[in-house]
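Subject: A structure for you to look at

Hello,

Here is the structure I promised to pass on. Have a look at it first, and then read my notes below.

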Amino acid sequence: MVTRRGFIGRAGGALGVTFGVSLGLDGAVAATTGPSDGWPDEAPFRFAGDMADFEAAQRALLPLYDVERDFATFDAAYYGAMSRPVAASYRAYSQWVNRNNSLFLRNAAPGHPRDTELDRSRAAVAKLLGAQTEEIALSGGGTEALYALIANYALLKAGDAVIYADVDYDEMQYACDYLEQSRGARIVRFSLPEPHTEANILAAYDRILKETPRAKLLLLTHLSNRNGLVPPVKAIVAMAKARGVDVILDSAQAVGHLPFTVEETGADFIGFSLHKWLAAPLGTGGIYIRKDRLQDISPWLGNRIHGPEDIRARIPTGTVDFAARLTIPRAIAVQDAIGLEAKYRHLVRLRDYWVERVRDIAGLEILVPQETGRFGAVTGFRLPGMKGPDGAKQAAKLFLDKYRLLVVAKAGLASGPALRVTPALFNSSAELDRLVAAIRAERHLFT
């Protein structure tokens with residue numbers, strides 16, 4: 001087992017003079033830059049950590065992050081935090097954009113036109129997802145992306161039904177509710193039965209689709225921010241399409257977390273974040289619209305900055321953090337060097353590490369089944385006897401104040417509120433030991 005003292009000590013040593021050599025980064029821990037007026041010059045990022053070995057992977061990953069260590073933060077589902085090389089690139093691009101200001105924003109910077117540079121970011125995201133560049137538009141995060149898809153879904157008629165479940169994200173539920181107010185849609189809400197096994201999930205979606213003959217649109221969450229559930233996406237999308245129901249897939253928690261391509265989901269419309277699991281700068285995300293379905297999502301509030309044949313017309317076109325968007329390929333390059341499949345396996349090991357050490361506590365509930373494919377790093381739990389949103393908030397505050405552990409109180413599930421734990425690549429088993437000890441110490445908080 002990696003102890004806190006031993007692990008932090010070994011990792012701390014790696015931050016010294018031999019840091020780049022010990023990790024095989026060839027001095028590329030931070031993006032290098034030329035003169036302050038030059039375009040950022042990013043050295044290739046190399047990662048030599050052994051991701052197959054749990055302890056070795058931690059020793060290699062920890063020094064890549066400059067994060068607060070007095071608290072153990074288990075909230076990567078909100079913000080993943082940039083690695084050091086990504087943060088260095090972001091600083092360099094921020095400096096360059098600030099220096100060139102409107103020259104860049106007006107597409108007039110010599111050698112680096114704005115749209116050409118942003119298209120490199122779009123192309124990198126498209127490659128990550130197995131899409132075409134013209135099927136990707138960058139956004140200010142997953143919430144903005146999904147509002148754009150839901151609110152501007154063009155095929156909805158008054159009286160058509162829009163379906164969503166209790167595991168779906170609050171704001172995306174609100175976006176669906178807006179269709180009732182603005183378009184005369186009928187909102188159909190349902191709850192997934194627990195335990196969330198594949199059989200139970202498929203039966204629930206099959207039933208709600210059969211019971212809703214005028215269903216036109218289904219919101220489906222790729223990985224739930226409430227409890228960590230990963231449903232059988234491709235099967236549900238196929239089930240909906242067979243009944244003439246379009247699916248908008250909320251992949252905010254999936255991109256950079258679960259290995260997948262757009263083809264593997266079967267979905268024609270996907271919104272996602274890039275500042276969560278990909279760990280790009282804050283305020284980055286995007287939409288995917290399959291090329292032959294573009295006209296089924298209307299331009300954003302009549303946007304004509306781009307033509308109707310351009311997916312970028314489906315996203316607000318205000319002045320954004322261009323440096324953040326320019327940094328996206330660097331975040332993807334860091335992930336590629338680690339390996340998405342290896343990253344996913346490591347995240348699941350972190351999740352399993354704490355779950356298996358508290359599973360025996362009488363009355364404690366783990367809110368996703370131990371079934372292959374039904375979870376990633378995110379998992380919700382309930383302390384024995386914990387009831388109501390106030391109970392979850394009380395427990396989360398106690399964990400923060402007493403143990404310096406950030407876990408998140410989440411409401412919205414039909415079965416009740418939960419505490420959500422979301423380890424990231426910068427978390428260690430030593431920090432998870434602290435979480436396990438706190439859960440065991442507070443198991444009688446509500447009993």
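How many residues of domain 1 are in contact with residues of domain 2, and how many of domain 2 take part? Please keep in mind while you look that this is a predicted model.

To find your way, start with the two domains: domain 1 covers 114–335 and domain 2 covers 340–442. Taken over C-alpha atoms, their centres are separated by 26 Å. As for the contacts, 25 residues of domain 1 touch 28 residues of domain 2.

Now for the chain as a whole. You can count 15 helices and 13 strands in the protein chain. Its radius of gyration is 22 Å, close to the 22 Å that the globule rule gives for 447 residues, so the chain is as compact as a globular protein of that length. Along the principal axes, the C-alpha atoms fill a box of roughly 65 × 65 × 35 Å.

If you take contacts between residues at least 6 apart in sequence, 71% of them join residues at least 24 apart.

Lastly, the charges: there are 53 positive and 50 negative side chains, and the centres of these two sets lie 2 Å apart.

Enjoy exploring it!

Best wishes

Note on methods:
Residues numbered from 1 in each chain as written. Predicted model: local features only at pLDDT ≥ 70, side-chain atom pairs only at ≥ 80, totals over all residues. Heavy atoms only, no water. Helix = DSSP H or I, 4+ residues; strand = E, 2+ residues; numbered from the N terminus. Rg over C-alpha atoms; globule rule 2.2 N^0.38 Å. Contact = heavy atoms within 4.5 Å. Lys, Arg positive; Asp, Glu negative; His and termini not counted. Charge placed at Lys NZ, Arg CZ, Asp CG, Glu CD. Domains from an automatic or database assignment.
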